Amino acid sequence: MEKDLNTSQRRAVQYWFADGLAEIAGGVICFLLAIYFSVQQILPASQGSFGVLFLIVFVAAFGIRKLMFWYRERSTYPRTGFIEPKKGWEDRRLLGIAISFTVLLLGFMLYTILRGIQTMAWMPALCGIIFAFIFALAGYRTKLVRFYFVAAFCLVLGLFLALSGVGDLWGVALLSFCTGLVLFAFGIVTRVTYLHQSSVTAEQADER
């Protein structure tokens, strides 16, 4: 019984990513991050510009998420129904892993600050680790292989950019842009597959 319940919960979580909209929205947000880091590199550094740009990116990302929900209600749910998955933070293991990773990351950043270690050159690697952790966690929860691929891609690309000397904010911008391209590609392929499968299902239902 418990195995059947876990299988149902996993399918409910996977259904959230069945239409490709989540990956497409994530790709657009990564493009915004790429623009944000590029502008931060180009413009003179100031607390005012940093705060304004961050607020713009945050509001835009929130708007993209709301737009995805709006479109999903009018496109996905009428086609294949509505399923509400179990909330991610209800899983204590995932919550513990997320908290532990956050504490370790903050501890590392505090250590570098206290020791006076310059980490700007390693920012692509750090961001690659953060992206890899997020997508690996998504892959673990959804059991979708494509998220593990994105996690490995972010980790390898982040380390490559740092080791090749493309550090600082330019490296983070390039990492975000490439990650957005990968997410957008997965989203488009998943979207096309979903639309084809849902159309076939609808035609079979009409024939009956």
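**View 1. Contacts and overall fold of the chain.** Of the contacts in the chain with a separation of 6 or more, 80% are between residues 24 or more positions apart, a contact being a pair with heavy atoms within 4.5 Å. This is a predicted model, in which local features need pLDDT of at least 70 and side-chain atom pairs count only at pLDDT 80 or more, while totals for chains, interfaces and linings use all residues. Residues are numbered from 1 along each chain as its sequence is written, and side-chain values use heavy atoms, with hydrogens and water left out. The chain has 7 helices and 0 strands, where helices (H or I, at least four residues) and strands (E, at least two) are DSSP runs numbered from the N terminus.

**View 2. Surface and interior of the chain.** Of the 208 residues in the chain, 35% are buried; buried means under 20% relative accessible area, exposed over 50%, and partly exposed in between (1.4 Å probe, protein chains only).

**View 3. The salt bridge between R72 and D19.** The structure holds 3 salt bridges, each defined by a side-chain nitrogen of Lys or Arg within 4 Å of a carboxyl oxygen of Asp or Glu. In this one, the side chains of R72 and D19 meet with an N to O distance of 2.9 Å. The pair links distant parts of the chain, 53 residues apart, with R72 in helix 3 (residues 47-80) and D19 in the loop between helix 1 (2-15) and helix 2 (21-42). R72 is buried, with a relative accessible area of 2%, and D19 is also buried, at 0% relative accessibility.

**View 4. The salt bridge between E23 and R146.** E23 pairs with R146 in a salt bridge whose closest N and O atoms are 2.6 Å apart. Here too distant parts of the chain are linked, since E23 belongs to helix 2 and R146 to helix 6 (residues 145-163), 123 residues apart. E23 is buried at a relative accessible area of 3%, and R146, at 18% relative accessibility, likewise counts as buried.

**View 5. The salt bridge between E73 and R74.** E73 and R74 form a salt bridge in which the closest N and O atoms lie 3.6 Å apart. E73 counts as partly exposed at 47% relative accessibility, and R74 is partly exposed as well, at 49%.
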